[in-house]
There are 2 protein chains.
Amino acid sequence: MIAKKMVKYVEGSSVTRAMFEEGKKMAARYGAENVYDFSLGNPSVEPPEAVKKAIIDILEQESPCYVHGYMNNSGYETVRSVIAESLNKRFGTAFAEENILMTVGAAGGLNVVLKTLLDPGDEVIAFAPYFGEYNNYVANFEGKMVAVSPNPPLFQPNMAEFESKITPKTKAVIINNPNNPTGVVYSEETIRALADVLEKKQKEYGKAIYLIADEPYRELAYDGVKVPYLTKYYDNTIVGYSYSKSLSLPGERIGYLVIPKEADDFENIICAANVANRILGFVNAPSLMQLAVAKCLDEQTDVAAYDRNRRMLFDALTEYGYEVVRPEGAFYLWVKTMEENDKEFVARAKEYNLLVVPGSSFMCPGYVRIAYCVDPEMIKRSLPAFKKLAQSYQK
Amino acid sequence: MIAKKMVKYVEGSSVTRAMFEEGKKMAARYGAENVYDFSLGNPSVEPPEAVKKAIIDILEQESPCYVHGYMNNSGYETVRSVIAESLNKRFGTAFAEENILMTVGAAGGLNVVLKTLLDPGDEVIAFAPYFGEYNNYVANFEGKMVAVSPNPPLFQPNMAEFESKITPKTKAVIINNPNNPTGVVYSEETIRALADVLEKKQKEYGKAIYLIADEPYRELAYDGVKVPYLTKYYDNTIVGYSYSKSLSLPGERIGYLVIPKEADDFENIICAANVANRILGFVNAPSLMQLAVAKCLDEQTDVAAYDRNRRMLFDALTEYGYEVVRPEGAFYLWVKTMEENDKEFVARAKEYNLLVVPGSSFMCPGYVRIAYCVDPEMIKRSLPAFKKLAQSYQK
């Protein structure tokens with residue numbers, strides 16, 4: 001008696017989340033220390049101490065009706081204003097309060113943008129491999145997801161195929177940089193090429209094509225690599241951000257959208273996004289957390305800890321014979337499976353108590369995602385299992 | 001270039017919110033103390049001190065990765081479990097952890113339920129006057145809203161018309177008790193009659209009709225009036241709750257759904273609602289606030305303060321000649337306008353610096369809603385203006 005559209009979800013449920021549940025069951029059976037769960041992007045590094053201090057200071061100093069009360073659906077003006085200033089300082093942009101809309105995490109922000117933009121049948125392009133939830137978010141508004149094929153071994157987007165897949169029905173392109181699941185950072189060269197293709201196609205079809213930059217991993221970049229700020233390369237960019245990773249607050253559902261005034265139809269987009277935030281049932285981003293992140297804009301979680309995990313796992317897996325995409329960002333390793341069928345590879349990994357996510361969940365079979373946002377001790381303990389798994393294919 | 005469906009929202013925007021903005025402008029012009037803003041349901045009574053203590057205790061005692069991290073999409077097991085126990089103790093129900101799904105406020109919860117249940121074209125019945133956002137929530141999932149006409153002077157639902165409006169396409173009925181905007185509490189007699197009609201129609205059509213009980217005002221009831229707990233009267237009931245009013249936390253977006261195991265298709269509904277919470281972009285209810293409300297289940301805001309406001313305003317307005325529905329719950333007064341057109345009445349009220357919301361926003365012209373969740377001093381200052389407004393019609 002549930003909605004017909006929901007039946008497939010109930011049957012399938014999310015592979016990632018199912019793994020999470022299975023990991024808990026295995027931990028109960030084998031002992032938590034003997035199960036190596038690399039399946040979920042749940043930050044293991046603590047939030048900076050400043051977050052706790054900020055929350056307590058706010059509770060001690062501000063009126064509780066202000067801290068916990070309604071504000072504009074877009075968020076507190078002061079919060080939006082300091083976020084705009086912080087972005088301007090870091091990226092040389094020129095945003096103001098009106099360009100920032102506080103959202104219930106990046107997932108909330110993406111749904112707000114898609115509700116704002118999509119008519120039924122509108123096409124949204126993403127570059128495989130990509131976060132599987134994009135399919136669901138686009139389907140929420142009767143949009144049609146169009147995938148550009150994976151482009152191994154470097155996994156920078158395939159520009160020729162991208163251009164060929166843009167049609168008069170293309171309304172938006174989602175780009176996730178640094179990338180989940182590959183850990184790849186799209187280079188400035190990639191972004192320039194992408195912007196060129198989009199500009200050309202906008203002219204050809206005489207319509208706006210919006211670039212949605214999904215950036216929850218922006219602060220997680222290694223080896224000094226720069227993550228380009230997309231509004232500087234293409235006017236019709238809308239940025240979705242979340243503090244889930246940069247401040248290790250994924251459960252708090254706090255993020256924002258940036259809608260630059262250079263975007264076509266800016267006034268209507270801002271107004272519609274504001275309404276969408278309300279009528280989708282978010283209403284506003286959680287109030288106390290809005291105020292807290294505004295006090296922590298120069299803080300970030302201990303990225304060096306993720307970097308150490310990255311190096312340890314990358315070096316070991318490479319040594320064992322795995323073909324691993326060298327990750328420059330996020331907290332994922334993207335590994336070619338040692339047999340063609342990634343789901344069978346995942347099943348075999350499970351025999352060694354290794355939980356990883358099949359690439360098919362990201363529209364890219366033949367690979368697995370290994371989330372290294374975990375305790376480094378677990379990585380150390382897991383290495384013999386990864387070695388045995390590799391050896392089982394090398395016999 | 002925004003979605004066609006969003007154009008009407010951008011043109012219209014919400015009357016309630018527009019009033020909120022206008023109130024701020026008038027305050028700047030005339031001085032805040034000379035503008036009487038009764039337009040918004042933003043609690044004026046502070047959260048109980050226990051909320052602050054709970055948040056600080058959690059931050060001091062628990063691991064930050066637990067407090068701010070991901071959990072199951074339905075919420076922390078411990079939180080859901082203590083909420084179930086608390087409901088059982090108060091209402092003699094038999095809920096367990098599995099029956100509770102933590103949501104981003106009641107608005108988030110309603111969207112989750114409707115995503116879970118509605119196929120395009122399914123009908124959802126509500127009793128006018130009702131919260132205008134229901135129209136938008138139902139439209140989000142291509143449902144069709146069906147209104148039962150207002151039933152003055154007592155505004156208990158009209159059962160004969162209700163029965164006549166149930167069709168084979170009816171999937172759900174939304175009931176809001178205590179009621180926004182009337183302040184009326186639907187009696188046990190009303191609820192029994194409603195359940196009888198639903199049982200009869202379920203049999204007639206051989207299908208489930210779900211009763212969605214939207215209960216953010218449950219704790220705000222006066223004169224010792226009892227608010228029936230609907231799962232006890234009708235098996236196919238799903239309850240949506242929010243701590244916005246009971247703990248004065250509207251900005252925090254924290255609430256829950258109750259999905260009883262007696263509901264038809266229970267297993268699928270629970271699973272689909274869990275997925276809906278995720279794919280709509282809520283992901284989970286804000287984590288720290290989940291833990292905080294779980295420590296405050298026996299707390300509530302100072303309801304007596306709202307009660308004093310209620311009496312002061314009801315007595316004065318009645319004395320001035322207004323026809324006012326005696327409110328037993330929520331924090332709204334529902335007043336018959338002194339001219340037929342409620343929007344013109346609202347405009348005239350504004351000339352006396354009185355901001356109220358027209359009944360047409362609640363599908364019931366000829367009335368206005370006066371939100372008395374405000375500073376009692378403002379009510380006192382506003383009384384001469386209400387008197388003059390009445391006199392302007394009595395000349």
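The model is a predicted one. A disulfide is a covalent bond between the sulfur atoms of two cysteines. A:Cys65 is partly exposed, and its relative accessible area is 23%.

B:Cys364 also has B:Cys373 as the residue holding the closest cysteine sulfur, but here the separation is 20 Å, again too far for a bond. B:Cys364 counts as buried, with a relative accessibility of 2%.

The next topic is the packing of helices. Two packed helices are described by the angle between their axes and the distance between the axes. One such pair joins the two chains: helix 3 of chain A, residues 49-61, packs with helix 3 of chain B, residues 49-61. Their axes are 11 Å apart and the angle is about 160°. Angles over 145 degrees count as roughly antiparallel, and helix 3 of chain A and helix 3 of chain B are therefore roughly antiparallel to each other. The crossing of helix 3 of chain A with helix 3 of chain B is left-handed.

Which residues make this contact between helix 3 of chain A and helix 3 of chain B? From chain A they are A:Lys52, A:Ile55, A:Ile56, A:Leu59 and A:Glu60, and from chain B they are B:Lys52, B:Ile55, B:Ile56, B:Leu59 and B:Glu60.

Helix 14, residues 342-351, and helix 15, residues 376-394, have axes that come within 9 Å and cross at roughly 125°. Helix 14 of chain B and helix 15 of chain B are therefore oblique to each other. Their crossing is right-handed. On the side of helix 14, B:Phe345, B:Arg348 and B:Ala349 take part, and they meet B:Leu389, B:Ser392 and B:Tyr393 in helix 15. By class, this contact between helix 14 and helix 15 of chain B has four nonpolar residues, one polar and one charged.

The loops hold several backbone features. In chain A, a cis peptide bond joins A:Ala128 and A:Pro129, with omega about -5°. A:Pro129 sits in the loop between strand 3 (123-127) and helix 7 (133-140) of chain A. In chain B, the peptide bond from B:Asn180 to B:Pro181 is cis, and its omega is near 20°. The loop that holds B:Pro181 runs between strand 5 (170-176) and helix 9 (188-205) of chain B.

Two residues of chain B have a positive phi although they are not glycine. For B:Arg253, phi is near 55°. B:Arg253 is placed in the loop between helix 10 (243-246) and strand 8 (255-258) of chain B, and counts as buried at 2% relative accessibility. For B:Met363, phi is near 60°. The loop of B:Met363 lies between strand 12 (357-358) and strand 13 (367-371) of chain B. B:Met363 is partly exposed, with a relative accessible area of 25%.

Two further loop residues remain. A:Leu118 lies in the loop between helix 6 (105-117) and strand 3 of chain A. Is A:Leu118 buried or exposed? A:Leu118 counts as buried, at 5% relative accessibility. Not counting residues up to four places away in sequence, A:Leu118 touches A:Val124, A:Val138, A:Phe141, A:Gly143, A:Lys171 and, from chain B, B:Ala3. A:Leu118 and A:Glu142 are 24 residues apart in sequence, and their C-alpha atoms are 7.7 Å apart in space.

B:Ile166 is found in the loop between helix 8 (159-165) and strand 5 of chain B. B:Ile166 is buried, with a relative accessible area of 3%. Leaving aside neighbours within four places in sequence, B:Ile166 is in contact with B:Ile125, B:Val197, B:Leu198, B:Lys201, B:Tyr205 and B:Ile209. B:Ile166 and B:Ser360 are 194 residues apart in sequence and 24 Å apart in space, taken from C-alpha to C-alpha.

Methods: Residues are numbered from 1 along each chain as its sequence is written. Chains are lettered from A and ligands numbered from 1 in the order in which they are written. This is a predicted model: local features need pLDDT of at least 70, side-chain atom pairs count only at pLDDT 80 or more; totals for chains, interfaces and linings use all residues. Side-chain values use heavy atoms; hydrogens and water are left out. Buried means under 20% relative accessible area, exposed over 50%, partly exposed in between (1.4 Å probe, protein chains only). A disulfide is a pair of cysteine sulfur atoms within 2.5 Å. Axes are lines fitted to C-alpha atoms, for helices over the stretch in contact, and angles run from 0 to 180 degrees between N-to-C directions. Helices (H or I, at least four residues) and strands (E, at least two) are DSSP runs, numbered from the N terminus. Angles under 35 degrees count as roughly parallel, over 145 as roughly antiparallel, 65 to 115 as roughly perpendicular and the rest as oblique. A crossing is left-handed if the near helix is turned anticlockwise from the far one by less than a right angle, and right-handed if clockwise. Contact means heavy atoms within 4.5 Å. Ala, Val, Leu, Ile, Met, Phe, Trp, Tyr, Cys and Pro count as nonpolar, Asp, Glu, Lys and Arg as charged, and the others, Gly among them, as polar.
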